[in-house]
Amino acid sequence: MNEAQDLFSLLRQSTDVDPQAIDAIKRTIAEGKDRELCRINVPAFASKHGLDEERAISAFLHAARVGMFDISWNVLCPGCGGVLDTNATLKTVQKDEYTCALCSEGYSPTLDEMVEVTFTVGPRVRRIAAHNPHELPLMEYFRQIYWASGVDLPEEDFAKEIEAFSLEDIELAPGEKAVLPIQLPSEFVIVFEPVTHSVQFIDGKGEPTKERRSLSLVFDRDHVQNQTLEMQPGPLRISLENRTEARVLPTVFIAGQLLHDFLGRRRPFLTAKRLLTNQTFRDLYRTDTLDINQRLKITSLTFLFTDLRGSTELYERVGDLSAFDLVREHFQVLHEIVAAEAGAVVKTIGDAVMATFATPDRAIAAALRMRDAMRALNDKSGREDLLLKIGVHAGPCIAVSMNERQDYFGQTVNIASRVQNLAKAQAIFATRAVVEDNLTADLLHRNALTPVPHEVSLRGIEREIAVYTIP
């Protein structure tokens with residue numbers, strides 16, 4: 001533990017890391033069960049320990065940076081919540097489509113809900129069973145390796161719940177063969193193997209029979225799914241052969257309501273989209289996020305653009321040195337507000353800022369705070385030197401790597417920038433996608449603000465769009 005103590009001492013030197021979060025991490029490493037330190041769901045961790053989510057995310061990012069945790073970017077099946085692919089970096093999420101054998105569906109990955117980010121304690125800090133996943137008991141393999149952190153698995157009675165919809169299971173070493181006898185019910189049955197993600201569907205139909213049937217299944221890395229078989233209920237011998245270089249864990253599930261209810265229990269998790277819009281992440285990992293040729297889809301991201309009106313006149317009026325100090329102070333305030341509202345500054349362009357937020361309400365909350373902050377700075381100087389224009393829009397986009405930084409591309413970005421160009425000094429302009437968001441509407445209502453709509457034409461956009469002024 002001496003090395004762990006040194007790492008904690010190093011972690012505490014970071015002034016922007018919450019001491020309470022560090023204490024919670026330290027307690028969990030010292031006292032937690034092995035499974036509590038494998039693929040940690042940070043929002044759930046924060047809830048359990050009474051921590052602010054953003055502060056908890058920041059603490060885990062700093063802890064990973066000093067070597068206490070390994071970050072995992074897991075591609076998920078939105079249907080069953082299974083982990084389809086595990087990556088040490090987002091750069092290796094390269095496939096156009098991922099297939100879930102259990103759900104028999106293919107999915108084009110998006111960073112919204114299909115890629116989770118989890119943290120696993122490093123072996124130099126504490127050895128846990130999941131560091132050797134092929135030695136985990138079958139039930140713990142499903143819990144810690146197959147299912148994602150967003151599946152709300154029970155702490156207690158986990159095995160009992162699975163047994164309620166399971167018929168049989170077996171472990172096969174590399175090259176091993178075995179026979180698994182089952183009584184096939186009059187239900188849809190799945191023979192699923194979580195290591196190779198292999199599956200065989202059996203539809204139990206027709207009159208029950210006493211005749212013993214046989215079925216042969218071979219597990220390898222090439223053939224993960226077979227055609228659905230229709231069989232009469234009754235005795236069935238399943239011959240199994242493991243042709244892989246690792247053990248396999250074939251399990252027979254009844255695909256009924258119990259299984260669907262079990263997989264339907266979900267909880268929030270840290271998505272890749274949310275992490276990419278986290279300022280701490282961008283500061284710590286700015287050059288190690290995306291590969292230069294990657295184009296990763298985001299279903300919906302909120303963009304906020306700001307710009308100072310009349311900045312050229314400002315330099316002329318107060319002089320270069322005073323103007324530079326004012327503009328620098330304005331940038332610092334905007335950065336602090338963006339980070340406080342769980343956003344991230346993507347880049348600055350001249351006197352303009354481009355920032356992203358996971359949800360529209362956080363962007364509008366930031367915009368309102370920015371406007372108030374600029375008014376406060378102007379009141380302090382006694383002059384209207386800082387006149388901020390703000391535009392907000394939300395929609396689909398592509399995450400890319402440009403100019404050695406993680407950036408975004410697409411029509412949503414273009415519209416957000418042009419909406420900001422329409423704004424007048426100290427005005428907030430937002431699109432319908434933003435103001436009609438339920439959380440945004442609640443925020444505006446609480447602040448007694450009524451958006452005023454008007455149709456506008458934007459350069460490069462064929463149709464007119466509704467833009468709202470937030471007074």
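**Figure 1. Pro-208 is an exposed residue of this predicted model.** The relative accessible area of Pro-208 is 59%, and a residue counts as exposed when this value is over 50%. Pro-208 belongs to the loop that runs between strand E9 (198–204) and strand E10 (213–219). Its C-alpha atom lies 7.8 Å from that of Ser-186, while 22 residues separate Pro-208 and Ser-186 in sequence.

**Figure 2. Ser-104 has a positive phi.** The phi angle of Ser-104 is about 55°, although Ser-104 is not a glycine. For comparison, most residues other than glycine have a negative phi. Ser-104 sits in the loop between strand E3 (98–100) and strand E4 (105–107). Ser-104 counts as partly exposed because its relative accessibility of 40% falls between the 20% and 50% cut-offs.

**Figure 3. Asp-157 is a further non-glycine residue with a positive phi.** Here the angle is about 60°. Asp-157 is placed in the loop that joins helix H5 (138–146) to helix H6 (158–163). With a relative accessible area of 51%, Asp-157 is exposed, since the cut-off for this class is over 50%.

**Figure 4. The largest pocket holds about 700 Å³ of space.** Its lining is made up of 28 residues. Those that lie nearest the centre of the pocket are Arg-39, Val-83, Leu-84, Asp-85 and Thr-86. Two or more lining residues are given by each of strand E1 (69–76), strand E2 (83–87), strand E3 (98–100) and helix H5 (138–146). Strand E2 provides the largest share of the lining, with 5 residues.

Figure 5. The chain contains 15 helices and 21 strands. Its C-alpha atoms fill a box of roughly 95 × 60 × 40 Å along the principal axes. Among contacts between residues at least 6 apart in sequence, 71% link residues at least 24 apart.

How values were computed: Residues are numbered from 1 along each chain as its sequence is written. This is a predicted model: local features need pLDDT of at least 70, side-chain atom pairs count only at pLDDT 80 or more; totals for chains, interfaces and linings use all residues. Side-chain values use heavy atoms; hydrogens and water are left out. Helices (H or I, at least four residues) and strands (E, at least two) are DSSP runs, numbered from the N terminus. Contact means heavy atoms within 4.5 Å. On a 1 Å grid over the protein atoms alone, a cavity is a set of points where a 1.4 Å probe fits but cannot get out, and a pocket is an open set with protein on both sides within 12 Å along at least five of seven lines; lining residues have an atom within 4 Å of a point. Grid points are joined across faces, edges and corners, and a volume is the space filled by probe spheres set on the points. Buried means under 20% relative accessible area, exposed over 50%, partly exposed in between (1.4 Å probe, protein chains only).
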